[in-house]
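Please open the model in a viewer and display the side chains.

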Amino acid sequence: MAASEYDTARPSYPEAVFDELEARTGPLAGRLVLDWGAGTGISARQLASRGARVVLLDIGEEMLRRARARDPRAACVLAHGSHMPARPGSADLTTFGQSFHWFERPAAMAEIARVLRPGGFWAAWWNRPQARGADWFERYQDVLLAHCPGYTWRDKEDADLAPDWSDPAVRQAGHLEPAGVVAVRWTRQVTAAQWTTDERSKSYIISLEPGLREDVLGQLAAIVRGQFPDGQLVVPYITTLLVARKAD
């Protein structure tokens, strides 16, 4: 069920994110991209639309089945991020759309350093609602914090998302240095039903006991109805892009 909800309601990423990525890495056309934590292929399809040769990798078989259903030509690999099935120095770019925070560090970072070619890039990005200070949004956050132990995003700053590439285990595999941090601001327009479906796909909701999950979702839906009685949400968002480059 989570894969279906994820595929149905998760938003794509602003095209400006990929403009900023190409400004740092060069054109994506023809590049071999390993898209890790690919899920149902949201970021992979956007990368492919710019001509990249994308391989989707994820530990979720159902997620990849959804990605393949969306694009029967998609190259999908069921694999763990700490053991990447790729030759050393084979990838031009490794990407992590809405996923890098799930990976074990420094093991995954060392694997990134191993599989990237000299001069290759790592990139990660996250979509997040950014309505801090709005009464409805603060009350919404209060509910999540009160009931969802896995919810850690309220006070997380963009800088908190950046990894430390100086770890000795990573340096042994390859030398990466930060190559840019960009914050792309945009506005998401979404129906209340889609918003709730998106929320259902979040790990901090999925992990709740079923009865509590429905109670929490009910509380959240009531807050949304109170703020957007027509069922049409207009919410400020931010997508943070982080880039690092492997030394030549």
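This is a predicted model: local features need pLDDT of at least 70, side-chain atom pairs count only at pLDDT 80 or more; totals for chains, interfaces and linings use all residues.

Residues are numbered from 1 along each chain as its sequence is written, and side-chain values use heavy atoms, with hydrogens and water left out.

The structure holds 21 salt bridges (a side-chain nitrogen of Lys or Arg within 4 Å of a carboxyl oxygen of Asp or Glu).

**Within a helix.** Select arginine 65 and glutamate 61, whose side chains form a salt bridge at 2.6 Å, N to O. Both belong to helix 4 (residues 61–70) and are four residues apart, about one turn of the helix. Helices (H or I, at least four residues) and strands (E, at least two) are DSSP runs, numbered from the N terminus. Glutamate 61 is partly exposed, at 43% relative accessible area; buried means under 20%, exposed over 50%, and partly exposed in between (1.4 Å probe, protein chains only).

**Between strands.** Next, select aspartate 92 and arginine 117, which meet in a salt bridge of 2.5 Å, N to O. Aspartate 92 lies in strand 4 (residues 91–97) and arginine 117 in strand 5 (residues 116–129), so the pair ties together parts 25 residues apart in sequence. Aspartate 92 is buried at 14%, whereas arginine 117 is partly exposed at 25%.

**Helix to loop.** Move to glutamate 138 and arginine 154, a salt bridge with its closest N and O atoms 2.7 Å apart. Glutamate 138 is in helix 6 (residues 135–147) and arginine 154 in the loop between helix 6 and helix 7 (168–173), so this pair ties together parts 16 residues apart in sequence.
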